[in-house]
Amino acid sequence: MSNEVIQKAKSNRRKFLLLLALMSAPILVSYALFFTDYRPQSKHYGDLIPIVKVSGKGTNVVDNTILRMKDLHGKWVLLTVDSGNCSEICKDKLYFMRQVRMVQGKEKHRIERLFLINDKIQPDSELMKQYEGTYFVNAEGSEILDSIETKDIQTKHIYLIDPIGNLMMRFPENIDGTKMGHDIKRLLHVSQLEH
């Protein structure tokens with residue numbers, strides 16, 4: 001064999017090995033990351049929870065009409081559950097829900113606020129006036145409440161329902177409104193689901 005043929009064979013072999021290394025590198029890196037339990041840092045503030053389809057109905061306290069969860073499809077829904085008596089913690093949750101919606105600017109029409117009342121106590125009319133635009137719904141005994149975690153946990157958080165009607169996120173007990181607003185803004189930005 002001539003020198004030229006040997007050089008060409010070596011050159012082809014190098015090219016083949018280089019291509020093989022380039023093609024297998026992503027697979028090798030993914031295996032290495034998987035087996036070393038690498039987890040990238042997340043940017044979200046709220047906790048993603050197992051998705052649950054929220055259905056059912058309750059009585060809208062403001063105008064005594066029936067509100068079905070399917071009436072809110074196509075909108076992101078900030079939801080909180082509490083007594084109609086509404087303690088200071090409850091008022092804080094309502095405040096943060098209102099403020100987070102307001103900071104969304106031109107996208108705020110894509111968000112609804114829902115306050116589910118888990119007892120027979122009627123909320124104060126001053127409270128309903130202060131948080132106008134929020135659905136105050138008596139859901140005692142409704143299947144809506146059955147969709148939201150356990151009774152002792154559901155009053156501690158603000159939840160997020162996606163436009164399809166799935167409960168998908170909950171925010172921590174001690175809410176940071178700025179971080180919650182950034183989460184919602186990011187979701188609205190990447191979401192193209194409209195009614």
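Reader: Which residues form the nonpolar patch on the surface?
Author: In this predicted model, local features require pLDDT of at least 70 and side-chain atom pairs pLDDT 80 or more, while totals for chains, interfaces and linings use all residues. Residues are numbered from 1 along each chain as its sequence is written, and side-chain values use heavy atoms, without hydrogens or water. With about 460 Å² of accessible area together, the members are Leu 18, Leu 19, Leu 22 and Met 23.

Reader: Is Met 23 buried or exposed?
Author: Met 23 lies in helix H1, residues 3–35 (helices are DSSP runs of H or I, at least four residues; strands, of E, at least two; both numbered from the N terminus). Its relative accessibility is 61%, so Met 23 counts as exposed (over 50%; buried is under 20%, partly exposed in between). The class is therefore exposed.

Reader: Which strands stand at the edges of the sheet?
Author: The open, mixed sheet has 8 strands in the order E1-E8-E7-E4-E5-E6-E2-E3, where pairing requires at least two DSSP bridges. Two strands each have a single partner, so one side of each lacks a neighbour in the sheet: E1 (47–53) and E3 (65–68).

Reader: Which residue in E7 is the bridge partner of Thr 80?
Author: E4 (76–82) and E7 (158–161) pair in the antiparallel sense over 4 bridges. In E7, the partner of Thr 80 is Ile 158.

Note on methods:
Patches are made of residues with over 30% relative accessible area and no salt bridge: like charges are joined within 9 Å, nonpolar side chains (Val, Leu, Ile, Met, Phe, Trp, Tyr) within 5 Å. Accessible areas come from the Shrake-Rupley method with a 1.4 Å probe; for residues, only the protein chains shown count as cover. A salt bridge is a side-chain nitrogen of Lys or Arg within 4 Å of a carboxyl oxygen of Asp or Glu. Buried means under 20% relative accessible area, exposed over 50%, partly exposed in between (1.4 Å probe, protein chains only).
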